[in-house]
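Here is a short tour of one model, taken a region at a time. Have the sequence and the 3D view at hand as you read.

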Amino acid sequence: MADTGMMEERSLVVIGGGPAGLAAALAAREAGVKDILILERDKRLGGILNQCIHNGFGLHTFKEELTGPEYAARYINRVLEEKIEYITDAMVIDVNSDKIVTYMHGKVKQIRAGAVILAMGCRERPRGALNTPGYRPAGIYSAGTAQYYVNIEGRMPGKRCVILGSGDIGLIMARRMTLEGAKVLCVAEIQPYSGGLKRNIVQCLNDYDIPLLLSHTVVDIKGKERVEGIVIAKVDDKMQPIPGTEIEYECDTLLLSCGLLPENELSEKAGVKLSPVTGGPIVNESLESSVPGIFACGNVLHVHDLVDYVSGEAANAGERAAAYLSGELDESSPEDIILQGTDGVRYTVPVTVNVKRMKDLQTVRFRVGKVFGVSDIVVNADGKEIMKKRKRSLAPGEMEELILKKSVLEEVASSGAHTITIGVREVLQ
């Protein structure tokens, strides 16, 4: 490694200056941490919100509807007011289990941190991981890249467009491209359900008469120099194209909106254990990872629907990191209660809860693996039902949450139970 000079000492280093990192840093400051440094690889704070010029942000946090840049500005202004230090154009290249952070900013530098908050966000799933057939002509973009071109650089990716995948960014770009004069021919989704929020299906597709083709995927890309057409076919229950169902669309652009991946290369370098389901760190009730003093929040932990939820979760991480620094988080507390998803629930965040360290109310977030109608979310402690919550519907594109009371978990712990399961039980109509 290059000569890094004298190692700097910091109480708290926040990696990422997007909505999660900003909210975490502010909460840590409010909890009494004076020495905080935010490291952001982009040229400015705000993260992905800077290119999300549509509205719909802030309804939970600020009780008003904001654009992405407006939402980010609320937090950036508070960071400036609190005089929280930050460095932009700072690429973190390593974090280890001793909480030594190595980053590039002109030259290689190192910081020994008392605590670290991981808030690196997520990235789009690349086309290469999708095994889309055909050539590699110009005109194929991830939905996020297209959003950057249109909203930041003022450049249009194309005039006639097909979108593969119904994630929220793809749905939003279907509307954005339409508003800028392009023709969006359809959105194809390989699953039998949309991967985005219901409100985005209504506001971005239905309101503009853009077809959503469920159980469909791209089977061929026409053109060698530039996209000339896209062939879409229906798939069976094994996700295999059904011969004879092909539809060809004449177009010059294909946008990919096929999922998001938490950005956890740094987490792995630090020795943080990752969930095989979410791709994010396995955390406890304090959003602390398997490495003491390293916390995670936002889309690096698990992919969220709403930035409001990111901010709330990140504030909790910042507060708990402050508690760790002050010695309030007892690492030698009694055995944890394990949370497990079952009967349609794919995962839970957190994965463990230590009753002694938890607050009075514990938020548990999760996603289901398929679409459910009227259902009960059932919480069991070693097979005994302790809580039930009815929902009109559940879908993989919508993140769900439960609030568990400390008093209830104390009873669970005192009974000798070590595992709580959260599952879905559909109600027959």
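Predicted model: local features only at pLDDT ≥ 70, side-chain atom pairs only at ≥ 80, totals over all residues.

Which strand pairs with β24 over six bridges? That is β21, residues 361-368, and the pairing is antiparallel. Within the pair, Gln362 stands opposite Leu404 of β24.

Now look at Ser407, which lies in helix α8, residues 406-414. Is Ser407 buried or partly exposed? Ser407 is partly exposed, because its relative accessible area is 42%, and buried would require under 20%. Ser407 and Leu361 are 46 residues apart in sequence, with a C-alpha to C-alpha separation of 8.9 Å in space.

Next come helices α1 (residues 19-30) and α2 (residues 68-81), whose axes come within 10 Å and cross at roughly 40°. The crossing of α1 and α2 is left-handed. The residues that meet are set out here:

| Helix | Residues in the contact |
|---|---|
| α1 | Leu22, Ala23, Leu26, Glu30 |
| α2 | Ala72, Tyr75, Ile76, Arg78, Val79 |

By class, the contact of α1 with α2 has seven nonpolar residues, two charged residues and no polar ones.

How values were computed
Residues numbered from 1 in each chain as written. Heavy atoms only, no water. Pairing = 2+ DSSP bridges. Helix = DSSP H or I, 4+ residues; strand = E, 2+ residues; numbered from the N terminus. Buried < 20%, exposed > 50% of the residue type's maximum accessible area, 1.4 Å probe, protein only. Axes fitted to C-alpha atoms, helices over the stretch in contact; angles between N-to-C directions. Left-handed = near helix turned anticlockwise from the far one by under 90°. Contact = heavy atoms within 4.5 Å. Nonpolar A, V, L, I, M, F, W, Y, C, P; charged D, E, K, R; others polar.
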